[in-house]
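Welcome! Let us take a friendly walk through this structure, beginning with the ligand and moving on to the strands and helices.

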Amino acid sequence: MKTRARERDAQAIAHHYDVSNDFYALFLDPLMVYTCAYYRDPKGTLEQAQADKLDLVCRKLRLAPDETLLDIGCGWGSLAIWAAQHYGARAHGVTLSRAQADFAAARIATLDLGSRCRVEYRDVRDLPADARYDKIAAVGVIEHVGIPNYPAFFARVHEMLRPGGLYLNHGITHAFSWKPTSHTEFLTRYVFPNGDLAGLTETLTEMERARFEILDVEGLRLHYARTCRQWIERLEARADEARRIVGERVYRTWRLYLTCSAVAFETSSLGLYQVLLQKSADRTRGDAPSTREPIYDATAPP
Ligand SMILES: C[S@@+](CC[C@H](N)C(=O)[O-])C[C@H]1O[C@@H](n2cnc3c(N)ncnc32)[C@H](O)[C@@H]1O
């Protein structure tokens with residue numbers, strides 16, 4: 001049975017993500033990635049940068065054929081599908097949004113990927129106690145977890161990883177000396193009812209407390225600023241359709257939220273970090289690569 005806190009989380013997610021798939025499709029890229037893109041070319045397109053971001057995550061995880069991947073908070077299924085399609089992984093995505101899960105299931109069926117990719121409407125906390133994976137990703141999810149829940153969240157991710165397994169956490173942080181502002185109040189009231197951002201050091205501390213070894217930390221703040229700017233441009237270009245789908249109020253709310261977010265990333269009150277973590281079988285570094293070269297060298301094996 002769901003607790004009241006879980007009901008509230010599910011309602012908060014539905015408030016934001018079940019707005020309408022057609023609305024999100026107006027401004028997201030065709031893969032429907034709803035997190036920071038990765039601009040290898042600083043002037044590149046959103047489409048290319050989102051594909052490059054999915055590759056970056058898979059390569060950091062050193063995803064190999066037939067490995068199992070859990071994508072926590074999989075959105076419209078972009079990473080799970082990419083990992084199955086391009087890396088031969090057996091991917092399992094979970095999302096708290098029914099609209100996202102239905103969209104992802106239809107896309108998986110169209111691509112005939114059902115034998116190695118599935119997406120479910122499910123709270124990650126409701127996965128079976130014995131669920132185990134080679135690799136785990138949570139891209140844009142920590143923002144919904146709530147700081148008091150970090151110990152339980154990271155402990156559960158650690159438990160679900162096989163020894164030696166890798167976990168990639170990609171999430172927004174706030175600056176060290178940040179204080180709540182009217183922007184924060186606007187966001188939690190109208191956009192992300194359960195949003196809760198921590199600082200990077202606080203987040204890393206909780207990861208270490210959960211017995212993860214931190215292998216790599218990469219800041220992508222300016223990549224998120226550009227992503228938000230590109231989302232705004234695309235949304236404004238299709239304003240009439242947006243108004244028809246969600247109405248004037250939601251259209252303006254989302255436009256304002258994306259604009260506030262772009263400014264916050266540009267001025268560094270918000271940050272975006274990818275943290276690569278390992279569940280070490282013992283206290284050694286295992287077989288982790290000693291440089292970042294294999295991540296960026298497209299000819300190197302992942
Ligand atoms: C910002 S979206 C990111 C989606 C996707 N990872 C991407 O990069 O496009 C956050 C996702 O986290 C999911 N989520 C949040 N809390 C969750 C939970 N407790 N269990 C499962 N999914 C959750 C939401 O449903 C949503 O799909």
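A residue counts as near a molecule if its C-beta atom, placed from the backbone, lies within 6 Å of it. By that rule 21 residues surround the ligand, and the closest are Thr35, Gly73, Gly75, Val139 and Gly140. This is a predicted model: local features need pLDDT of at least 70, side-chain atom pairs count only at pLDDT 80 or more, and totals for chains, interfaces and linings use all residues. Residues are numbered from 1 along each chain as its sequence is written.

Helices (DSSP runs of H or I, at least four residues) and strands (runs of E, at least two) are numbered from the N terminus. Helix H1 gives the ligand shell its largest share, three residues.

| Element | Residues |
|---|---|
| Strand S2 | 90–95 |
| Helix H5 | 98–110 |
| Strand S3 | 117–121 |

Strands pair if DSSP finds at least two bridges between them; S2 and S3 do so in the parallel sense, over five bridges. One of these links Ala91 to its partner Cys117 in S3. Together S2, H5 and S3 form a right-handed β-α-β unit, meaning that, with the strands pointing away from the viewer, the path from the first strand over the helix to the second runs clockwise.

Finally, helix H10 (residues 221–237) has 17 residues and reaches 25 Å from its first C-alpha to its last. That is close to the 24 Å expected at 1.5 Å a residue, where the expected span is 1.5 Å times one less than the number of residues.
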